[in-house]
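Colleague: Could you take me through the ligand site in this model, and then through the sheet and helices around it? I'd be glad of a close look, in one go.

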Amino acid sequence: MLTLSNLNVSYDGSLILRGVNLNVPAHSLVCLMGRNGVGKTTTLKSIVGLVRPDAGSVKLAGTELAGMKPDARARHGIGYVPQGRDIFPHLTVWENLKIGLVVHGAKANGQVDRVLELFPILKEFLPRKGGVLSGGQQQQLAIARALLTDPKILILDEPTEGIQPNIIDLIGDTLVKIKKEGKISILLVEQYLDFCLAVGDSFYIMDRGAIVAEGPIAHLNDDIVKKHLTV
Ligand SMILES: Nc1ncnc2c1ncn2[C@@H]1O[C@H](COP(=O)(O)OP(=O)(O)O)[C@@H](O)[C@H]1O
Ligand SMILES: [Mg+2]
């Protein structure tokens with residue numbers, strides 16, 4: 001579904017991503033892991049169109065995305081939940097969701113009910129300001145907003161960061177449910193190992209801008225964890 005090939009990215013002349021190859025098959029949930037500062041967010045931004053790679057390709061269902069602006073990529077089926085969630089605090093939950101709708105236009109109407117079914121708390125809180133929601137509620141809002149664009153692939157950057165355990169479980173269950181419905185693949189950047197083990201089908205590990213390990217999630221053993229993930 002999504003294929004990154006030989007992706008190089010630099011900031012201010014220093015190379016941050018070095019030949020990243022990564023594949024998210026249809027119907028799967030792939031975890032991209034790694035310590036702070038290794039290039040996970042930069043990888044996602046290259047997919048979404050927020051940084052411009054020096055070299056390499058980003059293909060979604062066979063279509064080359066390189067050169068496309070973020071809004072065009074969203075229309076092609078990239079749904080993005082950024083690190084820190086980026087909720088508009090002074091807009092209501094409903095207005096925050098509508099910003100997702102704008103990207104997709106009129107066709108999105110049928111999606112609203114479905115998405116609110118996945119996150120019932122949002123339905124209850126539609127008139128509230130985004131800023132008064134808890135971190136976990138804001139994360140649900142950010143995921144719901146991305147789903148309203150009817151993506152082929154949902155990309156999430158550390159959705160469990162700073163969120164209480166019961167909401168982490170709910171988000172994990174929801175991601176698995178979305179994947180099992182069969183229309184959306186998921187690429188998840190995470191540092192929370194147990195979450196990846198619980199929801200992931202396969203993993204990639206990044207270290208200093210390169211992929212250093214990959215495989216089915218069952219192959220994510222203690223040696224790999226010690227070498228590349230523990231601080
Ligand atoms: N806008 C930027 N300008 C310059 N350097 C950046 C920028 N964003 C990130 N970096 C650097 O690139 C590296 C990778 O960052 P990032 O992709 O955010 O890592 P991660 O998400 O794995 O923590 C880090 O060394 C970071 O300091
Ligand atoms: Mg990051």
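**Around ligand 1**

Modeller: Happy to! The shell around ligand 1 consists of Tyr11, Asp12, Ile16, Gly34, Asn36, Gly37, Val38, Gly39, Lys40, Thr41 and Thr42. Please keep in mind that this is a predicted model.

The open sheet itself has six strands in the order S6-S7-S8-S3-S9-S10, with mixed pairing. Strand S6 (78–81) and strand S10 (210–216) are at the edges with a single partner strand each, so one side of each has no neighbour in the sheet. On average, neighbouring strands here are turned by 15° against each other, ignoring direction.

Within the sheet, S7 (residues 153–157) and S8 (residues 185–190) run parallel and are joined by five bridges. Leu154, for instance, has Ile186 in S8 as its bridge partner.

One more helix deserves a visit: H6, residues 135–147, which holds Gly136. Gly136 counts as buried because 20 other C-beta atoms lie within 10 Å, and 20 or more is the cut-off for that label. Beyond its neighbours within four places in sequence, Gly136 is in contact with Ile163, Gln164 and Ile167. Leu170 is 34 residues from Gly136 in sequence, yet their C-alpha atoms are 9.6 Å apart in space.

Methods
Residues numbered from 1 in each chain as written. Chains lettered and ligands numbered in written order. Predicted model: local features only at pLDDT ≥ 70, side-chain atom pairs only at ≥ 80, totals over all residues. Near = placed C-beta within 6 Å. Pairing = 2+ DSSP bridges. Helix = DSSP H or I, 4+ residues; strand = E, 2+ residues; numbered from the N terminus. Axes fitted to C-alpha atoms, helices over the stretch in contact; angles between N-to-C directions. Buried ≥ 20, exposed ≤ 12 C-beta atoms within 10 Å, placed from the backbone. Contact = placed C-beta atoms within 7 Å.
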